[in-house]
Amino acid sequence: MAAARGESPSSSPPLQDPPSRPPRDGYGVCVFPNSFFRYEGEWKGGKKHGQGKLLFKDGSYYEGEFVDGEITGKGCRLWASSGNTYSGQFVLGEPQGHGVMKYKAGGRYEGEFSHGLREGHGHLVDQDGQAYWGSFHENKRHGRGHMVFRNGDKYEGDWVRDQRQGHGVLCRADSSTYEGQWHSDVFSGLGNMTHCSGAVYHGMWINGHPVAQAKRIVILGPEVMDVAQGSSFTLNVQLQQDNGEVARSEDGRVLKISAGVRYVQLPAYSEVSFFKVDKDNREPPIQTPFGFDCIAYPLWSPKSGGLEPRAALESAGDPPLLMGDLEPALPSDTSRGQRDMPSGLPGETSSSSWGCEPHCPENCRRVKQGCARFSGVRLGPPPPGYSPVLFLDGLREEADCRPRGSLGPGRTMPATQDPPGGSRPDGAATTEPAAGAFPGEYVVMIRDVTDPPFLGHTLPTAFKHLRVLGKGTDQQPHVPGEGPEPPS
């Protein structure tokens, strides 16, 4: 009948071994009915209890202590799906208490766990090598903590759900520091930034940006400054915000002063038509906001009893950077024929050529509460390589009444073989220079040379129109707010 039904003994389903029954006590192996678990270890009362190893069908495993059939105590677990491993304390199958989690993608965490998540105090190193010590909540940095970032920055302060928020201190790799309020991982609220350049901002921040940051440099005073030939003058400078208010929250920006002379002069203000520059000293002209170009011109100011610039500098040694209304020293090697043109505006003399420390040039000032002062500033004589060319009309009219080399009443052009500034052949310094700046139109420039730029922003250069009046003339001081007028 079996053949009639088309059945044979070989076609019956294969017999399977029944799942093993768990041992009552002692050591044994059990494969559970769902074939997902296999346990080998100690038993007590028919339950896993003591040391053992539980294998999962996907390749994961746990090896360690069991209590009443549950994973509880010290042990080690591997998750096949993620490749992460954990060794430490367990409660009811989850990491709980102190332990070490190693991540397959890189990094590790050592500290406290709750229900399988980082909770409490711990030390986390991520796959990029960034390290955090501090409090955790629900697997995130939360509370007080200290972190070292991949770029070398360090932060210590408050955290909220993996973001810096509250009060904290950031020490950047370039030595800049910020201490103050944070929100959503950026500066926000009242804070103090000390930049690696020495600049400081203390005030309010919004979304990582200072609220009262300086945006421009302003030289106070009349639109055109009139200065008597050979006289010194003072410049008061402000850093201003977009709304025109002084940026008093800023300290320490470095401002550098330099000068230029109008390349083509006007006969109403000068008997010099223009300065012819030797090929070796020729530079691109500097554009000004006054409708004309200028070429670089030296500044100097006597420091020690009116000594010539180089001698005054040598007698003073290496003084520190002056601030406030202290008397500045503004000698320039352009007056001695030693021109060193760094990057930036053409014609500016580098601090290293002045005999002072590179970080403390005497032609610079550090801003204090948004203000700076340059006092005792004076235009020097034309440097070697600058040859004044007179107006032809003036030459024809006065050719018969001027001595050779004269440029006008009380003004003579220095001999080309003698260095400007009054130095005698034996090197002794005279109390007054042999020649000063000729009457005419000049420009004074104040430039932000903070290095590196404060918060990545360099302020635009400020210009002041300067008019030098000849001695012994009846020219009157310029009226503030009015344009230059020819002398009567």
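# Close-up views of a predicted chain

**View 1. The whole chain at a glance.** Of the chain's 488 residues, 41% count as buried, where buried means under 20% relative accessible area, exposed over 50%, and partly exposed in between (1.4 Å probe, protein chains only). This is a predicted model, in which local features need pLDDT of at least 70, side-chain atom pairs count only at pLDDT 80 or more, and totals for chains, interfaces and linings use all residues. Residues are numbered from 1 along each chain as its sequence is written, and side-chain values use heavy atoms, with hydrogens and water left out. The secondary structure comes to 2 helices and 32 strands; helices (H or I, at least four residues) and strands (E, at least two) are DSSP runs, numbered from the N terminus.

View 2. Look for His 167, whose bridge partner in E14 is Gln 181. The E13–E14 hairpin has 5 residues between its strands, and Ser 175 in the turn has a positive phi of about 85°. E14 is also joined by 6 bridges to strand E15 (residues 186–194), again antiparallel. His 183 stands opposite Val 186 in E15. This E14–E15 hairpin has 2 residues between its strands, with Ser 184 in the turn at a positive phi of about 55°.

View 3. Leu 190, Met 204, Ile 206 and Val 211 make a nonpolar surface patch of about 370 Å². Patches like this are made of residues with over 30% relative accessible area and no salt bridge; like charges are joined within 9 Å, nonpolar side chains (Val, Leu, Ile, Met, Phe, Trp, Tyr) within 5 Å. Met 204 sits in strand E16 (residues 200–206). Its relative accessibility is 42%, so Met 204 counts as partly exposed.

**View 4. Asn 84, in a loop.** Is Asn 84 buried or exposed? Asn 84 is buried, because its relative accessible area is 17%. You'll find Asn 84 in the loop between strand E5 (70–78) and strand E6 (85–91). Setting aside neighbours within four places in sequence, Asn 84 is in contact with Arg 77, Leu 78, Trp 79, Met 101, Lys 102, Tyr 103 and Lys 104.

View 5. Arg 150 counts as exposed because its relative accessibility is 63%, while Asp 128, at 39%, is partly exposed.

View 6. Arg 161 forms a salt bridge with Glu 138, with the closest N and O atoms 3.5 Å apart. Here too distant parts of the chain are linked: Arg 161 is in the loop between E12 and E13, Glu 138 in the loop between E10 and E11, 23 residues apart. Arg 161 has a relative accessible area of 44%, so Arg 161 is partly exposed. Arg 144 forms a salt bridge with Asp 158, the closest N and O atoms being 3.1 Å apart. Arg 144 lies in strand E11 and Asp 158 in strand E12, 14 residues apart. Elsewhere, Glu 250, Arg 253 and Asp 448 are linked in a network of salt bridges.

View 7. The mean pLDDT of the chain is 77, and 70% of its residues reach 70 or more; pLDDT is the predictor's confidence in each residue, from 0 to 100. Over residues 1–10 the pLDDT is below 50, and this stretch has 1 contact in the model beyond near neighbours in sequence. Residues 302–360 also stay under 50, and there the model has 147 contacts beyond four places in sequence. Where pLDDT is low, the predicted coordinates should not be read in detail.

How values were computed. Pairing = 2+ DSSP bridges. Areas by Shrake-Rupley, 256 points an atom, 1.4 Å probe, with all protein chains shown as cover. Salt bridge = Lys/Arg side-chain N within 4 Å of Asp/Glu carboxyl O. Contact = heavy atoms within 4.5 Å.
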